[in-house]
Amino acid sequence: MALTTSRSQFVGRIFFLGFIVLVYIFLLTPLVVVVIASFDSAEILSFPIEGFSLRWYRKFLSTEGVWLDSIILSLKIALLATIISTALGTAVSLYVVRFAGKWRESLRIFIILPLLLPEILTAIALLIFYYNIEGFFNALSVPLLSGVFRHSFFGLLIGHVLITLPFVFLGISGSLYNFDMSLEEASRNLGGGRFITFWRITLPIVKPGIIAGALLALIISYDLFAISYLLKPIGTATLPIQLFDYVRWEFDPTAAAVSTVSIIFTLVVLFITERLVGLRALRF
Amino acid sequence: MTRSRLTLLLLIPTLALLVAFLLLPYVNMVVMSFRTPSTSAVFAPGFTTANYLNALLDPDFYYLEILWDTMVLGFWTTLICLTLGFPLAYHLARTQSRIKTLLYFFILSPLLVGVVIRCYGWMIILGPHNGLINNTLKQLNLIENSLPLMFNTFGVSVGLIHVFLPFMILPLLGSIQAVDPALEEASQSLGASRLKTMFKVIVPLSLPGIQAGSILVFVLTISSFVIPILLGSYKVMIMPTLVVQQIMDAMLWPFGAALAFILSIAGGLVIYVYLKLTARLVPGVQ
Amino acid sequence: MTTLKLKNLTCRFGDVVAVDGIDLEIGDHELVSLLGPSGCGKTTTLRCIAGFESPDGGDILFDQSSVKGLAPEKRDLGMVFQNYALFPHMTVSGNLAYGLQMRKTDQQEIDRRIGETLEIVQLTGLGDRYPNQLSGGQQQRVALARALIIQPRILLLDEPLANLDAKLREEMRFFIRNLQKDIGITTIYVTHDQAESMVMSDRIVVMFDGRIHQIGKPAEIYNFPATQEIADFIGLSNFIACTVSSREADDQYSVDTATGRLRSTTTASHTVGSEVIMMVRPEVITLHSESAQGTHNEIQGTVAEKYYLGNVITYRIRYTDDAILQVQGQPWSTFEVGDSIWCRFDVERSWILPTGSS
């Protein structure tokens with residue numbers, strides 16, 4: 001890329017590379033620090049760490065299941081939200097890209113709206129809404145929504161689906177926009193009807209977009225804080241919330257151990273995505 | 001069923017979900033902001049504009065001050081993210097290095113690890129008692145007392161910049177990649193240095209990415225609620241924290257809703273002005 | 001094998017009439033090419049035949065029965081797309097098997113036909129490769145094979161050679177034409193490359209602006225184009241403005257030009273005194289340093305430009321203040337710029353364009 005390089009250009013280049021190396025270090029240091037801290041043998045977390053120990057991992061796995069419960073809730077929600085938003089996202093992507101006509105842009109914006117709106121606002125709006133509709137029905141003496149949404153698993157799930165759906169949509173509609181229609185025409189020319197064409201030609205080719213979107217949805221849901229904080233069933237916690245409470249009041253490195261496990265989980269999912277469909281598919 | 005009816009089936013579930021659980025709740029929240037607050041119930045009967053008036057016309061300017069602080073924080077965070085992120089995005093867009101995927105991964109993984117964990121990492125680094133920086137400096141006998149790196153605007157800013165930097169880099173990356181490298185070569189062949197080329201060619205042409213990244217980071221910052229609490233405790237008060245306090249602690253939902261909308265409208269105005277200004281700087285591009 | 005008939009076919013996109021009342025009959029075993037510049041409606045016509053566009057008017061008949069409204073997958077045609085449209089997630093064999101699977105052919109027969117067809121297109125042994133592992137020419141042949149293996153009643157080709165480099169394009173022209181002749185399948189070939197359509201076609205259909213301007217054998221179209229537009233599109237030509245002087249024979253007229261009287265052939269009738277245009281192809285003109293008497297036509301001029309192309313020398317001869325004749329000279333000719341020169345051509349080798357379009 002560079003044309004002839006002079007001395008000053010060389011120096012400039014060194015500064016430039018040095019700068020971005022520093023930024024990369026800035027990006028990664030907190031994560032590295034957390035992982036290292038998880039092995040600290042001291043009671044109170046300090047840095048640099050004093051000794052090497054796995055006790056915090058043992059503590060995390062054994063503590064009355066508090067951590068495990070929150071991990072299980074996080075995973076349950078994440079898996080369900082991913083499945084639902086992948087199904088909905090695939091269907092609506094198809095509609096928006098192929099059949100929406102003049103509504104295409106408006107629909108697109110509407111579907112990714114939960115991404116554009118601040119998560120905390122959506123969380124508050126949903127919380128208030130859940131209370132209000134239950135109150136509304138109660139006032140009509142038809143208490144059919146009692147406890148259905150308000151501080152319930154279902155209400156929480158809806159919040160997660162709202163946030164993850166745009167990610168899946170963007171992933172799939174991206175693939176569909178660039179889809180070469182002549183492939184479908186070739187299939188039809190060779191005798192395949194609309195459904196067979198979709199099943200044997202369209203779907204396999206769009207698959208990387210679907211997988212990338214679904215895996216991204218999984219991770220996003222797992223990490224969601226604001227929505228979970230406001231909508232969760234009373235007495236439960238998702239993993240980010242459990243961590244949040246812990247690091248504010250406790251000072252031992254258990255939180256670091258939990259975080260490290262979380263980081264590993266994220267990295268594994270990213271790795272799988274890279275192997276299956278390449279990280280490029282994660283553009284959003 | 002005709003074909004067009006069948007295809008509507010693809011749309012209906014999602015549309016229903018969004019209308020019922022996005023549109024309606026927001027509309028409901030607007031309505032809520034005009035209700036009378038009450039501590040015994042969610043709201044009291046009757047409608048009023050008192051919530052908005054109280055917030056905006058407060059004699060101590062308490063709320064307006066917090067709003068201002070929030071906007072300023074958003075501004076500086078966005079600016080610094082842009083400064084840090086642009087060179088990174090440019091490098092990644094143009095590099096042919098084998099570790100390109102690895103670098104992409106470095107940018108993406110903090111994003112996907114979760115805001116709480118990232119803040120926790122900064123707490124370990126910036127902490128006043130046993131934090132990495134303070135500990136190291138003390139051991140090297142460079143300082144006596146801990147530097148106040150946390151529980152203040154500095155700590156919160158570091159956290160905000162760190163968490164939202166990838167959101168600036170990714171749109172920038174897309175935009176810069178769309179700029180034809182031949183344009184840079186043409187610029188250099190006409191005598192411009194790499195730096196000049198960067199400012200005169202790349203920056204104007206990647207304006208859409210700059211706009212997208214800036215708006216994204218700004219909105220995220222003015223609505224961030226976890227980072228100020230973890231890294232600022234309640235010493236750094238910005239609007240989102242205030243709103244959640246009103247909703248969760250004070251149970252003054254109408255007031256909280258009103259504050260939320262004041263924040264949204266203020267943010268929206270800032271973005272609108274920003275778009276108008278930047279569009280005028282670069283005529284002919286988007 | 002099948003005959004095809006288009007009756008007053010019309011196709012509109014919004015305000016634009018892409019295909020404007022086309023009538024065409026194609027016989028069994030024929031290879032007919034639709035030739036014209038981009039936007040002339042040839043691809044739209046092909047897509048109507050294939051079923052990917054619905055005509056707004058007219059009818060399409062295969063063997064006298066209408067297929068209008070019939071879904072593409074039921075038309076039993078083989079189509080080769082411009083960008084090949086090979087399924088990227090299937091191997092070559094997978095691509096070839098696809099159409100047969102739709103026809104519920106049993107696996108043994110499928111395998112047999114794949115082997116056979118791969119041999120015909122000279123791709124034996126490449127069955128397990130994926131399209132992105134093949135060269136452009138190989139991909140093109142797979143696309144062809146995929147269309148032929150189902151033994152369709154009509155073969156449609158949409159500018160199949162457009163993405164190949166020049167040398168490969170030439171080879172593939174002969175290849176496709178010979179294959180088509182061997183199998184004897186009725187074929188429609190869409191192209192904007194007139195050399196290609198000359199090589200391949202039994203008949204050429206020249207289209208401009210959604211209408212057919214001329215149908216005929218390649219030699220007819222080349223030597224006796226119906227309009228100046230066609231003459232200009234196909235090969236190089238010189239146009240000489242003339243006024244009709246008298247009729248000399250059934251098919252010959254004397255005309256007056258700026259440089260004197262000439263004779264030319266035509267099939268239309270022209271009134272004396274009317275303005276017409278004479279077409280003379282560069283390759284039929286010979287160059288001489290002196291005039292000579294005879295039944296031929298002669299135009300005197302000066303050599304204005306000379307270009308050496310290796311196999312010919314192109315001369316541009318100025319014969320009036322603003323008119324130029326382009327001539328192909330032998331590569332060893334020695335005329336230089338500025339020389340006075342006589343251009344000679346036979347009466348039978350020039351052509352008066354019929355007025356108007358057909």
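Trainee: Where does H1(A) bend, and by about how much?
Mentor: H1(A) bends by about 40° at Leu28(A), and Pro30(A) follows within four residues. The bend is the angle between axes fitted to the seven residues ending there and the seven starting there. Helices are DSSP runs of H or I with at least four residues, strands are E runs of at least two, and both are numbered from the N terminus. This is a predicted model, where local features need pLDDT of at least 70, side-chain atom pairs count only at pLDDT 80 or more, and totals for chains, interfaces and linings use all residues. Residues are numbered from 1 along each chain as its sequence is written, and chains are lettered from A in the order in which they are written.
Trainee: Which residues of H1(A) are buried?
Mentor: Val23(A), Leu27(A), Pro30(A), Leu31(A), Val33(A), Val34(A) and Ala37(A). Buried means 20 or more other C-beta atoms, placed from the backbone, within 10 Å of the residue's own.
Trainee: What do they pack against?
Mentor: Helix H11 (254-277) of chain A, plus helices of chain B, including H3 (62-94) and H7 (153-177).
Trainee: Switching to chains, which pair has the most contacts?
Mentor: Chains A and B, among the two pairs that touch. A contact puts two C-beta atoms, placed from the backbone, within 7 Å.
Trainee: And how far apart are chains B and C?
Mentor: Their closest C-alpha atoms lie 14 Å apart, with no contact joining them.
Trainee: How many residues of chain C are in contact with chain A?
Mentor: 17, meeting 14 residues of chain A. H2(C) gives the most to that side, three residues.

Methods. A residue is buried if 20 or more other C-beta atoms lie within 10 Å of its own, exposed if 12 or fewer, and partly exposed in between; C-beta atoms are placed from the backbone.
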